[in-house]
Every structure is written in structure tokens, then in C-alpha cells.
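Student: Could you help me learn to read a structure I have never seen before?
Tutor: Gladly; let us look at it together.

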Amino acid sequence: SSGINAEYGQIEEFNKNERIMRSRAVVCFHQQEYRELYSIIENCRFSRESHEKLQYLWNEAHYNEAEKLRGRALGAVDKYRVRKKFPLPQTIWDGKIQNHCFKEKSRAILKEWYSKNPYPSPHTKRELANTAGLTATQVSNWFKNRRQRDRAALTKTNKTMMLSPEHSTVSSSPPPPALMRSVVSSPTTHYTPCPTHGLISPTILTHNPYSGFISYSSNPETV
């Protein structure tokens, strides 16, 4: 009996260790064991230092479930509705209203970099986060969502052109620079200093519809 009680006490102590429970939550997220993830978050009170990471896991898990159910990527409105339906539990939320909209200055910084390279490295994301006053997670999500929107817009444009009687006419507008990484499988990049923020930005490959081949451009069109 005493042995059982001691073992039970060790389990209780284990479950109260915030570091361990946070790590378990991360593992559950990556293994897509979302029910277990929600249970851990809802039944353990975490310190404020853990809130941001666990809030991200909570929201992303619900986004992933919604996308799987609907069979498509979620837009900004869809994600807002998911957050309203599944609000953050008090164990990882201090009651402050979260603002999911970026300030215009922050958005301008991200747009400027996106026009040069829509696939920033983790190091660059951290630099952009510091410059824009955001978290690295927010920066990463912004780039991911922007790429999805641009791909959807490009697909819609291509469908419209195919249905048009003049679809065989060569367009005078090159494809958006931000999508060139998806057009060219292994682009050659050169790095030049970013004039505004002192970061390192690569020139990108653009396509000249009249020449029929890919050429270099050091002044990509801003998205």
C-alpha cells in the first residue's frame, strides 16, 4: 500500500512539473494527438512564460483539425471563427484581449521583405520580428498565409485566362516575384544589403515573357 501511494505521489509530482507538461504538449502537437494536447493545456496551469508557445499550439491544432474537416486551407476569416469557437483556456491566458491584426508599420516591413524573398530563413524571421515588433511565430505565420493567398490568386488568374478567348495571347505582365520560388525549382540567389532595414536580401529571378527565358533582376516588383 505504501509503495502504491509513493508511486502515485511521484506521478502527481511529474504531472505538476510545468516543463515536462509543456514538452508533452509539444510532442502531442507534432504527433497530431490533439485530444491529449487539449487535455494537458486545460488541466494544467502554466506560468506566463509558457503562454505564448501553448497559445500557438492550441490555435494551430484547431486550425489543422478545421482544415482537415473542410478539405482546404483556412483564410483569415475562417481562423477568426475557429478562435471564437475555441477560445483560449484560462490556464494559458491572462485575460488580456489578443490583437491578431498587425500595425501598418509592421505589415509594411514584412511586405517589403516578401517582395524580395517569400521564404525567409529562421534567422531572418527572428530579425524581422525584432524590427517589426512581432514574435517569430507571428512573422512565420504571416509569410505562410501570404504565400497561400498569392498561390490561390495565381491559380484563379490562370483559370480565368484559360476560359478567355484570348487565352493564347502572351501576357505583358510577368508573374509575381513572390511566387518565383515555386516556379523555379532551384533558383540561383545573390545577396545584397536591404536599404531600409540593413538586413540581407536576395535578388530574385524574374521572367521576361518576351525573351522566353529566365533572367536576373535586382529590382523586383513590390507585391
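Predicted model: local features only at pLDDT ≥ 70, side-chain atom pairs only at ≥ 80, totals over all residues.

We will talk about helix packing and then about cavities.

Student: At what angle do helix 3 and helix 4 pack?
Tutor: Helices here are DSSP runs (H or I, at least four residues), numbered from the N terminus. Axes are lines fitted to C-alpha atoms over the stretch in contact, and angles run from 0 to 180 degrees between N-to-C directions. Helix 3 (residues 34–43) packs on helix 4 at an angle of about 150°, with the axes 11 Å apart. That makes the two helices roughly antiparallel, a word for angles over 145 degrees.

Student: Which residues of helix 3 and helix 4 make the contact?
Tutor: Contact means heavy atoms within 4.5 Å. Helix 3 brings Tyr34, Arg35, Leu37, Tyr38, Ile41 and Glu42, and helix 4 brings Leu54, Leu57, Trp58, Ala61, His62, Asn64 and Glu65. These divide into eight nonpolar, two polar and three charged residues. In this scheme, Ala, Val, Leu, Ile, Met, Phe, Trp, Tyr, Cys and Pro are nonpolar, Asp, Glu, Lys and Arg are charged, and the others, Gly among them, are polar.

Student: How do helix 7 and helix 8 cross, and at what angle?
Tutor: The axes of helix 7 (residues 122–132) and helix 8 come within 8 Å and cross at roughly 110°. Helix 7 and helix 8 are therefore roughly perpendicular, the term for 65 to 115 degrees. Lys125, Arg126, Leu128 and Ala129 of helix 7 meet Ala136, Val139, Ser140 and Phe143 of helix 8. By class, that contact has five nonpolar, one polar and two charged residues.

Student: How many cavities does the search find?
Tutor: Rolling a probe the size of a water molecule over the atoms shows where empty space is left. On a 1 Å grid over the protein atoms alone, a cavity is a set of points where a 1.4 Å probe fits but cannot get out, and lining residues have an atom within 4 Å of a point. Points are joined across faces, edges and corners, and a volume is the space filled by probe spheres set on them. The whole structure has two cavities of 30 Å³ or more.

Student: What lines the second largest cavity?
Tutor: Its lining is Glu60, Tyr63, Asn64, Glu67, Lys79, Asn141 and Lys144, around about 40 Å³ of space. Helix 4 gives the most, with four residues.

Notes: Residues numbered from 1 in each chain as written. Heavy atoms only, no water. 1 Å grid on protein atoms, 1.4 Å probe; cavity = no way out; pocket = protein on both sides within 12 Å on 5 of 7 lines; lining within 4 Å. Parallel < 35°, antiparallel > 145°, perpendicular 65-115°, else oblique.
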